[in-house]
Amino acid sequence: MAVNKQNMPEIKKKRDYLPFMVFFLLLCGGLLGCLSIYSTRITEPTPLYFALRQLGWLGAGSVLFVFSSLIPFRFYKKNVYIFAGISALLLLAVLLFGYKVNGMRGWLALPGNFYFQPSEFVKVFFLLFLSVFAAKEKKITPGRFFIMLSFTFFFIFLLMKEPDFGSATVFFGAFLIVTVSKEGSLKSFLLAASALFISGIYFIFRHDYAFMRLLAFFNPDGAGVRSWHMRQFQYTLAHGGWFGSEPETTLWAGNYLPLPHTDSLFASLVELTGFAGSTLVILIFAGLGIAFTFTAWEAKGRCGRLYIFSAAMLCFFQALLHISVNSVLLPATGVTLPMLSYGGSSLLSVMLSFGIALSAASENDPDDPVAEMDDTGNGEKVLPDP
Amino acid sequence: MSETSFRKRSLYILSFLLFWAFLASCHVFYYSVWKKEKYLTESRKKGWKEYHIPPLRGALKDKNNAVILQTRVRYDLVVTRVHSSLEARKKRRKTLKRLYPSFLFEMPPEALKKGLKLNPEGLYYGMTLKKDLSADEVIFYAEQEKKERDFTVKMALNREVAVKNLPEKVLQKLGAVLPDENGCLRGVSGMEKEYELLLGGKGGKVAVMLDKYGFWVTETIRGTLPENGKDLILPVSIDELLQGKDFSLPDKKAGGKDNGSK
């Protein structure tokens, strides 16, 4: 294997900076989240309660981030089927013994008044499984594609039973990101999209609330009280202005938005920090996406490369889903904003996901090479023999 | 998967997400900056409520500073709904005992003439259950009203005349008052009207944000206190008024004196 050695020091330098940059961006997001959570509870008797808990989760997440990035990516690849099995069991367990919050049976009760949301962690291992499985061959064969699709639909089916429409959308997003970036055929892709469309229609007609949300989105003036949530998002954003309100006067989100510290966090943040703050949050996610795309290009392992890119894109995708719902660009789906929304499971899973991505970035597995470079000196890479 | 193909595909996905992010950012800009005023005005209309605080009206006093006539607002507990079924009446009897254990039934004379009995089952629409509630009672009953809509706190006028046998001519000269739409008492005839600026005072306002359940967000209360009306001192004594002595006040703003009440 010949490598263009002229580029090596620069690549190494970039990789040295990467963990710090990623950690810095995640920390900025986490702290902004704590501030927004505090602002949504300003009129409550204990306004700091959720913000301090989230700060604690941020500390625990930082430890998990460092720890998971130090474990060699080989370990994750080797045990991916065990992780996938445990994930499926966890989703089954939540259906049987789960704790119901806001009409969704999505939490498992732990000792010490803690609740654990398995779907957040399952998302990480689901993506890892898809990346490892898809990277085994040069192109995704139709057979492999349908195994991946069946696996995805099995997980989505379990999530819909909770029912967690938001997470199901994110899981399908993960499937699309992996298959599109790994050369799935157009025919298979269209088939998957049709399956999603039919499933979506079925779900919407089975659940009145989903149908009403859709109606309210397309016709807010004719939907009456059903468009209430949408209106509150508009009013909350309007309270933000360019640079936001004073913390003492950010009252609209806390008093009118549904779940202002989780599902409506972005709108709460806009009320507090205005358009400037919202741009900063979008830039943080875009920055993570761009940084990890370049890192994926430079990664040595095929599987690691796919995981790095997919993990960053999935986080960006989920963030955009949340932001779009909160800015009335999409109908309500009930997705949290990664890193910023309140919730230990959500925050820890994001940290774990990026920790594994960093581990993949530093991987140098000879059994899983991306490509071999020629020694012509122009730095162009050539494909290895299949 | 070739390196070039992966780069190309990853760039497509990244570009798509970046475009989406740009679109979302434009939407945020639209609501938070571009159409800010429109949505702020709409939200204020729905989320804020303004209340008027009526000022205390000044009294008409004689030259010895004794009150001749004072009109003020009082608040009564009034029946708003009468149940015809026995079951509903029994239920209300229990509610009355629970909510208002100590109130007195004050039957108005016309009700007594009709021979209505002083018991909860003899209630009729508009009947006053308790007159002249204190401030604490108004708050208490207003809270109860949210649960039991059979009763309400209603504003009424209390016209206190020092001497009951004041001649009709004198009463006409002193004048009458009526509440306006904000609950402020306004003179409509006689001296009450003539010296309105002095007696009426200036109403206050309080604005408060309501939460989604309609409760006050107390941190947001803001407003102005009312300026109470001043007393008007007449150049005659009550005895002289009873004797029918005529009088006049040269200056409409003269004779004002702070009534000291808050």
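The structure is a predicted model, in which local features need pLDDT of at least 70, side-chain atom pairs count only at pLDDT 80 or more, and totals for chains, interfaces and linings use all residues. Residues are numbered from 1 along each chain as its sequence is written, while chains are lettered from A and ligands numbered from 1 in the order in which they are written. For the complex, the predictor gives an ipTM of 0.87 and a pTM of 0.77.

**Confidence in chain B**

- Chain B has a mean pLDDT of 79, where pLDDT is the predictor's confidence in each residue, from 0 to 100.
- A value of 70 or more is reached by 79% of the residues of chain B.
- Within chain B, helix α1 (residues 3-34) has the highest confidence, at a mean of 92, and strand β11 (residues 256-258) the lowest, at 50.
- Helices (H or I, at least four residues) and strands (E, at least two) are DSSP runs, numbered from the N terminus.

**Domains**

- Chain A is assigned domain 1 (1-70 + 234-364) and domain 2 (72-206); domain bounds come from an automatic or database domain assignment.
- The centres of these two domains of chain A, taken over C-alpha atoms, are 21 Å apart.
- Their contact involves 27 residues from domain 1 of chain A and 26 residues from domain 2 of chain A; two residues are in contact if their C-beta atoms, placed from the backbone, lie within 7 Å.
- On the side of domain 1 of chain A that touches domain 2 of chain A, the elements giving two or more residues are α13 and α14 (344-361) of chain A, and α13(A) has the largest share, 13 residues.
- Chain B is assigned domain 1 (44-66 + 165-262) and domain 2 (68-161).
- Contact between the domains of chain B takes 16 residues from domain 1 and nine residues from domain 2.
- On the domain 1 side of that contact, β2 (60-61), β6 (177-179) and α9 (238-242) of chain B each supply at least two residues.

**Nonpolar cores**

- A nonpolar core is a set of buried Ala, Val, Leu, Ile, Met, Phe, Trp, Tyr and Cys residues joined through C-beta atoms within 7 Å; a residue is buried if 20 or more other C-beta atoms lie within 10 Å of its own.
- The largest nonpolar core has 113 residues, of which Ile308(A) and Ala357(A) touch the most other members.
- Helix α13 (residues 302-326) of chain A gives the most to this core, with 17 residues.
- This core lies between domain 1 and domain 2 of chain A, because both give residues to it.
- Not counting residues up to four places away in sequence, the residues that Ile308(A) touches include Phe292(A), Ala299(A), Ala357(A) and Ala361(A).
- A second, separate core has twelve residues, among them Ala59(B), Ile68(B), Met191(B) and Leu199(B).

**Sheet in chain B**

- Three strands of chain B form an open sheet in the order β1-β8-β9, with antiparallel pairing; two strands pair if DSSP finds at least two bridges between them.
- Its edge strands, β1 (48-53) and β9 (216-224) of chain B, each pair on one side only.
- β1(B) is joined to β8 (residues 204-210) of chain B by six bridges, and Trp48(B) has Met209(B) as its bridge partner in β8(B).

**Contact between chains**

- 47 residues of chain A are in contact with 34 residues of chain B.
- On the chain A side, α12(A) gives the most, with twelve residues.
- Other elements supplying at least two residues to that side include α7 (165-181) and α10 (228-240) of chain A.
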